[in-house]
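Reader: I have just opened this one and would like to go through it piece by piece. Could you walk me through it as I ask?

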Amino acid sequence: MCGRILADLGADVVKVEPPGGEADRLQPPYIGDVENSERSIPWLAANVNKRGVTCDLRSTDGRALFSRLAATARIVIESFAPGRVSELGLGEALRDTILVSITPYGQDGPLADTPGSDLEVTAASGSLWLAGEEGRPPVRTTQAQSPYWSGMYGALGALVALQSRVAQRVDVSAQAAMTTVHPPAPVWWDIARQDHGRTGPYLLGRSNVGSRFRNLWACADGFVSFAIQGGPIGRHTGRMLTEWMGERGTIPAVVAAIDWDRFDNSTLSQAQVDELEAAIAPFLRSLTKAEFFDEVVKRKMLGYPVGDASDTLADPQLAARDFWQSFSPAEGVPPLPFPGGFALFDGERPALRRRAPRVGEHNAEIYREIGVEPDELARLRAAGVL
Amino acid sequence: MTDLATRPAASPRVGALSGIRVVELGFAAAGPLVGKYLANFGAEVIRLESRLAADVFRTTYPPFKDGIVEPDRAAMFAFYNDGKRSATLNLKHPTGVALARALIRKADVFVESFTPGTVARLGLGAETLRADHPELIVLSSCNQGQTGPHAFHPGYGSQLSALAGFVQLLGEPDSTPVLLYGPYIDYIAVGYGAIAVLAALERRKRTGAGCTIDLSQYEAGLQFLTPTILQFAANGRIPGRAGNSDAVAVPHGVYRCAGPDRWVALSVWSDAEWCVLRDVTGIEGPVSAADRRAQRPQLDERIGEWTATRDRDDVVRLLRGKRLRVAPVLAISELFADAQLAHRGMWPVLEHPTIGAMHVMAPPFRLSATPSLQVSPGPTVGADNEHVFGGILGLSLDERRTLERDGVFE
């Protein structure tokens with residue numbers, strides 16, 4: 001993912017795989033449920049805009065070849081276990097580059113050698129603790145998130161290092177990356193000694209008297225995200241809600257009684273919050289996600305439907321901004337709507353320029369660019385280095 | 001180009017971003033955290049604020065030191081804005097706007113995170129600013145982007161995370177989704193926002209040209225859901241929440257340990273790993289992944305029975321000793337003391353003039369030659385007025401007194 005971001009920004013990113021391709025090419029799910037190394041959705045998504053070569057780092061010739069390639073790079077990204085780069089004897093070759101290393105817990109410290117996947121680093125970050133129903137096990141986001149966070153911070157670290165103009169190591173820890181996704185929970189512990197935990201659909205941290213607010217509600221065809229809020233926009237939202245309820249039927253007495261100009265959610269007791277929420281729930285339950293979305297936009301209220309992939313693809317805002325790029329991610333696969341570049345630069349969105357590489361697709365091209373003669377390449381190929 | 005930003009005497013070290021000056025107008029998390037990361041690596045980041053329209057993190061969002069609601073007691077502001085300077089300007093006053101423009105003219109980067117059109121109405125739109133300072137990099141970060149039918153819709157990170165589809169993927173399959181704590185998607189937009197600014201700085205080195213960046217927090221967040229979206233687009237099935245199960249690893253779950261609310265996370269990625277787990281725990285189960293998947297509920301139950309009578313940290317020690325993938329589910333109250341995070345200096349303790357000693361957050365990546373430096377928590381309101389208006393803009397004490405009297409610094 002780190003390389004993908006730099007590639008989106010226009011960098012010439014070369015993916016180096018072992019002969020036969022890397023194991024991540026077999027990450028499910030697959031396009032058309034066809035299980036092969038050219039159809040893994042997560043792999044294709046992470047590797048578009050890159051070129052690819054193969055190189056066996058276990059062989060002396062392979063390491064020499066890699067060193068020549070690395071000498072042409074300003075940034076090298078790796079995710080081996082800590083110490084493996086030195087073990088392979090690549091330390092010297094990487095001395096003059098920015099070396100971005102992404103591991104579960106970082107390059108040193110008591111857990112440096114500890115193996116971990118998305119689930120464990122999320123657990124060790126505190127993020128897992130905060131998700132789930134009270135009394136039930138903490139739950140993880142079904143599509144793994146830590147590779148994305150680590151990759152994003154790797155790209156950020158690489159770009160900071162690039163500004164420094166000195167070669168150096170960028171040491172990304174997935175555990176540390178996942179601790180950045182849940183402030184202000186650490187602030188609540190630090191300043192108020194409140195240890196926030198799992199609250200299912202409820203929102204904490206908006207009250208000076210410890211009340212919690214429902215933020216996920218059942219609607220007619222799914223769920224919506226809505227909360228009783230303070231502040232200017234929160235009060236506007238309350239005012240609009242009252243008006244909207246009036247248009248669709250009767251306004252419950254407890255809602256009608258609120259003077260929204262003076263409303264302050266941070267001082268409401270839990271009993272007051274519960275009463276108010278009980279009065280609003282049937283109204284929200286009567287709306288579809290689409291109805292809710294249309295009206296909150298029209299009335300400039302805070303709130304959104306809980307979207308899924310089909311809702312995202314149908315979103316008019318994303319369409320109006322030409323977010324989607326129709327793109328065939330592999331040979332023989334019809335074009336799919338791909339999420340476009342993450343921002344507009346002077347009005348331009350970074351494009352998907354090339355498919356993720358097939359195994360060793362650019363061996364001849366790239367090794368020629370770095371000065372490997374054709375007969376030498378033939379020898380390396382025959383020796384199984386590629 | 002910009003004159004060298006002055007750094008506090010306390011940091012003699014040259015940061016990776018020393019010499020870069022950033023002016024920032026924003027509120028809450030999504031805009032300001034971009035500046036925090038830049039400040040952590042040595043950029044001079046000046047937060048412009050006004051007492052007349054203060055950040056909700058100063059006025060509304062608890063916790064406040066000792067529960068007293070005052071801008072300089074707001075812990076959220078202090079946490080999210082470490083390393084920055086604060087200067088106050090009343091942007092409803094024409095002189096306030098003129099001073100902001102003069103300051104931005106001496107900056108490399110301007111970051112703003114208001115509703116689209118807001119800064120343009122104040123006379124601080126990207127076009128205006130870049131007309132007399134073409135090298136300027138302007139980052140506008142907002143909920144849904146600067147254009148489009150929903151551009152003006154107000155929103156905040158927690159609910160935008162729901163719209164984008166993160167919440168839909170969180171929870172048990174048979175139950176309602178659960179909340180993703182905090183403004184999750186904002187933090188994604190922060191990373192991409194900082195990346196965009198640094199990429200523009202890199203390009204400027206070569207071309208001399210500035211850049212206007214339109215960052216939609218929604219679109220940035222969707223990058224992290226690319227496989228989920230493509231899965232629906234390619235195969236027509238809408239991915240939903242699946243508790244703690246995984247498409248490859250089995251078992252893959254969170255299991256209750258002895259004591260109140262103590263849990264361990266554990267995953268098995270190969271037959272060999274399973275055999276190690278089976279041998280060390282004595283838990284019965286088939287060897288092949290396909291068979292384990294078929295018996296997943298039974299295996300989860302047996303593992304849960306085994307962990308339920310054991311201390312969480314004992315389980316972690318035992319299984320890590322066998323090179324298995326396992327971790328304690330750390331409570332938030334345990335994070336500051338976690339040995340690995342402490343080793344990395346993840347939570348520096350800094351002294352805030354009003355709040356006292358408090359933890360701030362280091363970047364999650366460490367640079368070996370030009371490490372991040374946490375200098376101070378978020379500034380008190382107007383703490384750097386003298387430096388900014390006297391030092392950088394060169395206004396005399398008399399001029400500043402007059403402006404003060406006229407309410408320009410409110």
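Reader: Let me start with the open sheet of three strands in chain B: what is the order of its strands, and is the pairing parallel or antiparallel?
Author: Bear in mind that this is a predicted model. In that sheet the order is E7-E8-E9 of chain B, and the pairing is antiparallel. Strand E7 (252–256) and strand E9 (325–328) of chain B are the edge strands, each pairing on one side only. On average, neighbouring strands of the sheet are turned by 20° against each other, if direction is ignored.

Reader: Which helix packs on that sheet, touching E7 and E8 of chain B?
Author: That is helix H13 of chain B, residues 296–308, and its direction makes about 35° with that of E7(B). There is also helix H14 of chain B, residues 312–321, which lies across E8 and E9 of chain B and runs at about 155° to E9(B).

Reader: And how many bridges are there between E8 and E9(B)?
Author: Strand E8 of chain B, residues 263–267, pairs with E9(B) over four bridges in the antiparallel sense.

Reader: Which strands pair with E4(B) in the parallel sense?
Author: Strand E1 of chain B, residues 21–25, pairs with E4(B) in the parallel sense over four bridges, and B:Val23 stands opposite B:Phe110 there. E4(B) is also joined by four bridges to strand E5 of chain B, residues 137–142, and these two run parallel; in that pairing B:Glu112 stands opposite B:Ser140.

Reader: Switching to the two chains together, how many residues of chain B are in contact with chain A?
Author: In chain B 120 residues are in contact with 118 residues of chain A. Helix H8 of chain B, residues 184–207, gives the most to the chain B side, with twelve residues. Sorted by class, that side has 75 nonpolar, 33 polar and twelve charged residues.

Reader: Where do strands of chain A and chain B pair in the antiparallel sense?
Author: One such place is strand E13 of chain A, residues 344–345, which pairs with strand E6 of chain B, residues 211–216, over two bridges. Within it, A:Phe345 stands opposite B:Ile213.

Reader: What is the order of the open sheet of four strands with mixed pairing?
Author: That order is E3(A)-E4(A)-E5(A)-E12(B). Strand E3 (75–78) of chain A and strand E12 (365–367) of chain B stand at the edges with a single partner strand each, so one side of each has no neighbour in the sheet. Strand E4 of chain A, residues 98–103, and strand E5 of chain A, residues 169–173, pair in the parallel sense over five bridges, and A:Ser101 has A:Asp171 as its bridge partner in E5(A).

Reader: Last topic: which domains does the domain assignment of chain A give?
Author: The assignment gives domain 1, made of 2–183 + 315–382, and domain 2, made of 201–306. The C-alpha centres of these two domains of chain A lie 42 Å apart. Chain A has 16 helices and 13 strands, and buried residues make up 51% of its 386 residues.

Methods:
Residues are numbered from 1 along each chain as its sequence is written. Chains are lettered from A and ligands numbered from 1 in the order in which they are written. This is a predicted model: local features need pLDDT of at least 70, side-chain atom pairs count only at pLDDT 80 or more; totals for chains, interfaces and linings use all residues. Two strands pair if DSSP finds at least two bridges between them. Axes are lines fitted to C-alpha atoms, for helices over the stretch in contact, and angles run from 0 to 180 degrees between N-to-C directions. Two residues are in contact if their C-beta atoms, placed from the backbone, lie within 7 Å. Ala, Val, Leu, Ile, Met, Phe, Trp, Tyr, Cys and Pro count as nonpolar, Asp, Glu, Lys and Arg as charged, and the others, Gly among them, as polar. A residue is buried if 20 or more other C-beta atoms lie within 10 Å of its own, exposed if 12 or fewer, and partly exposed in between; C-beta atoms are placed from the backbone. Domain bounds come from an automatic or database domain assignment.
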